[in-house]
Amino acid sequence: MYAQMVDTGVKRVKSREEMSPEERDFQDRVDADIKIEAKDWMPESYRRTLIRQISQHAHSEIVGMLPEGNWITRAPSLKRKAILLAKVQDEGGHGLYLYSAAETLGLSREQLIEQLHSGKAKYSSIFNYPSLTWADIGAIGWLVDGAAIMNQVTLQRCSYGPYSRAMIRICKEESFHQRQGYDIMMTLARGAAEQKAMAQDALNRWWWPSLMMFGPSDDQSPHSAQSMQWKIKLYGNDELRQRFVDQTVPQAEYLDLTLPDPDLKWNEERGHYDFGAIDWQEFFHVINGDGPCNRSRLRARVAAHEEGRWVREAAVAYAQKKTAHKRTAA
Ligand code: BYC
């Protein structure tokens, strides 16, 4: 059943015969769609893969607050400002659920944050691009949240209970986020010529990085085969990317905007859109720390953490005071 697979990261998936009895039992539970919980036995590499993926996801949520936070003070109306504030706050909340899910696997929040700040842990490539105009806030909501949902809806059914439950809540909020982005794009696309041009320019800049969010092609993805065997991932990167393209093309048509890909066309035989080649060199530059905003994003996160230190210390001091007070009263 589990064919031996070799991929570029040379991570081979174990055949059933190669598994230990514990690993076989574990795989049987995964295959039967029984959720794995924090205290259950799990292979060490399952635990490590989850910590990597969930913490990368958590970091993406809080780093993702930065490009949008950039426009809170410059939103074009009070209504848009209130909506954007709520969205950015939601992303912080998503980070919180995800850090909590990662903590169930044995690492503390401080350790996870330290991995982000030291550059050891990745976060989504997409947040290393700048948000230059108000239309970028529309494009981020429409495309970035749209790509995120495409991936996350499937993660609601992943094998690890705490991650799957966090995703259910996150997905509900993400679909609002996507609609607010599309609403901004619709307003701009139906507005003055300058507004429509601004929307087109944002689409031109965010389209390809959004496709890169799904990760390298399956034949270049070292983790996919194992993660799919363990149902940490339900689908490969290419399948989700294709679904996103198929979903987004009609939405762009409705806006009367043009996707920046001359090779994009409907393929009757496949029943999908064909699309042009992704610049993987750019992707690998970005995930290796050399994107347009990598350094400033990390600087901003580290500064926010330092500036918030007194709040964390005050909360701990207050909790200790309360406990001491209860003890004396008892
Ligand atoms: N960016 O073997 P692969 C959001 C890395 S935020 C950076 O395919 P995997 C939102 C990958 O980590 C959405 N790195 O890996 C927030 C690995 O490197 P390492 C975030 C990437 O894990 C605010 C290497 O490339 N969503 O919703 O099987 C505002 C090989 O890749 C990326 C999630 O995090 C990337 N795009 O699959 C608005 C979803 N892609 O770790 C919106 C959860 C790949 O070996 N994560 N890499 O050094 C996943 O589903 C999977 O981790 C991925 C990658 C599909 C992203």
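At what angle do the axes of helix H4 and helix H6 cross, and within what distance do they come?

Modeller: The model is a predicted one, and the description below should be read accordingly. The axes of helix H4, residues 78-103, and helix H6, residues 134-155, cross at roughly 45 degrees and come within 13 Å. An angle between 35 and 65 degrees is classed as oblique, so H4 is oblique to H6. The crossing in which H4 passes H6 is left-handed. On the H4 side the contact is made by Arg80, Leu84, Lys87 and Glu91, and on the H6 side by Trp134, Ile137 and Asp145. Sorted by class, the contact of H4 with H6 comprises three nonpolar and four charged residues, with no polar ones.

The charged residues lead to the next point. Lys87, Glu91 and Asp145 belong, together with Glu68, to a network of salt bridges. His177, which is found in helix H7 (residues 161-189), is in contact with Lys87, Glu91 and Asp145, and also with Asp90, His94 and Gly141, when its neighbours within four places in sequence are left aside. His177 counts as buried because its relative accessibility is 3%, and the cut-off for that class is under 20%.

Salt bridges occur elsewhere in the model too, and the count comes to 20. One of them joins Lys14 to Glu23, with the closest N and O atoms 2.9 Å apart. Lys14 is partly exposed, its relative accessible area being 34%, whereas Glu23 is buried at 18%.

Another salt bridge is formed by Arg16 and Asp28, where the closest N and O atoms are 3.0 Å apart. This pair links distant parts of the chain, since Arg16 lies in the segment before helix H1 (21-31) and Asp28 lies in helix H1, 12 residues apart. Arg16 counts as partly exposed at 27% relative accessibility, and Asp28 is partly exposed with a relative accessible area of 34%.

The closest N and O atoms of Arg243 and Glu239 are 3.2 Å apart. Arg243 is partly exposed at 29% relative accessibility, and Glu239 is partly exposed at 39%.

Finally, Ser108 lies in the loop between H4 and helix H5 (109-117). Ser108 is partly exposed, with a relative accessible area of 25%.

Terms used
Residues numbered from 1 in each chain as written. Predicted model: local features only at pLDDT ≥ 70, side-chain atom pairs only at ≥ 80, totals over all residues. Heavy atoms only, no water. Axes fitted to C-alpha atoms, helices over the stretch in contact; angles between N-to-C directions. Helix = DSSP H or I, 4+ residues; strand = E, 2+ residues; numbered from the N terminus. Parallel < 35°, antiparallel > 145°, perpendicular 65-115°, else oblique. Left-handed = near helix turned anticlockwise from the far one by under 90°. Contact = heavy atoms within 4.5 Å. Nonpolar A, V, L, I, M, F, W, Y, C, P; charged D, E, K, R; others polar. Buried < 20%, exposed > 50% of the residue type's maximum accessible area, 1.4 Å probe, protein only. Salt bridge = Lys/Arg side-chain N within 4 Å of Asp/Glu carboxyl O.
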